[in-house]
Amino acid sequence: MKSQKPNVGILAFGSLISDPGDEIAPLITKRLNVSTPFSVEFGRYSGKTRGGAPTLVPVTKGGDPVDATILVLKNGVTERDSVNMLWRRETRTKDKKSTYQARRTRRAVRVKALRDFAGLDVILYTDFYASGKIRNPKPRNLARRAIKSVRTAPDGNDGISYLIVARSAGVETPLSKAYAEEIMKQTSTASLEKALAKAKEARAKESSLQEHL
């Protein structure tokens, strides 16, 4: 019997590379190294899931194609199911009955598709409307938001952690280097890891002071 060709993949160019989520992870059969067929930059400020930290998004102005990974899903996983799982992961939706509904709001996560790309029938990826993106991202502002996000984002979901993970996966945009340097400058540290540790220390001190008020 002829084996069925894998037909659905997910294009990961951010934290999705190392953290695809508990629904998608068990379905991955292999990973393909590619470059994004569009430019990417730290062009969006997240919502509550990342404490307002900068995140990577497709852009039409600035940015560059970046190293990415296609998460190839096992045979039989439908495009519709894949869309729903990707949307739930990107929105951190725990209810497995919740399904993707295309909305035109500023913060709405969009699931888009590439056809006949990298040998697969369909490749899914996430995007946002232009109104939800940063028009002209600057390293200084990105760094300030990333540092601030450590105060409110769940551990590992803040902007500094996000940048560390992206760079360790080889994802480099035109702003990556200056953005990282600005974080270190604003925290008076010599590495992103030390910047993160310092920001966490400041958060702990702030929390302790509030408890004693």
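**A buried glutamate without a salt bridge**

In this predicted model, E41 is buried yet forms no salt bridge. The nearest side chain of opposite charge belongs to R167, and it is 10 Å away, whereas a salt bridge calls for a side-chain nitrogen of Lys or Arg within 4 Å of a carboxyl oxygen.

E41 sits in strand β3, which covers residues 39–45. Beyond its neighbours within four places in sequence, E41 is in contact with T55, L56, V57, V59 and G63, and also with P137, T173, P174 and L175.

Turning to the whole protein, five helices and seven strands make up the secondary structure. Read from the N terminus, the order of elements is β-β-β-β-β-α-β-β-α-α-α-α. Among contacts between residues at least 6 apart in sequence, 70% join residues at least 24 apart.

The overall dimensions can be described in two ways. The radius of gyration is 18 Å, which agrees with the value near 17 Å that a compact globule of 213 residues would have. Along the principal axes, the C-alpha atoms fill a box of roughly 65 × 35 × 30 Å.

As for burial and surface, 48% of the 213 residues count as buried, and E41 is one of the buried residues. The accessible surface comes to about 11,500 Å², with 50% of it belonging to carbon and sulfur atoms. Charged side chains number 39 positive and 22 negative, and the centres of these two sets lie 5 Å apart.

Terms used:
Residues numbered from 1 in each chain as written. Predicted model: local features only at pLDDT ≥ 70, side-chain atom pairs only at ≥ 80, totals over all residues. Heavy atoms only, no water. Helix = DSSP H or I, 4+ residues; strand = E, 2+ residues; numbered from the N terminus. Rg over C-alpha atoms; globule rule 2.2 N^0.38 Å. Buried < 20%, exposed > 50% of the residue type's maximum accessible area, 1.4 Å probe, protein only. Contact = heavy atoms within 4.5 Å. Areas by Shrake-Rupley, 256 points an atom, 1.4 Å probe, with all protein chains shown as cover. Lys, Arg positive; Asp, Glu negative; His and termini not counted. Charge placed at Lys NZ, Arg CZ, Asp CG, Glu CD.
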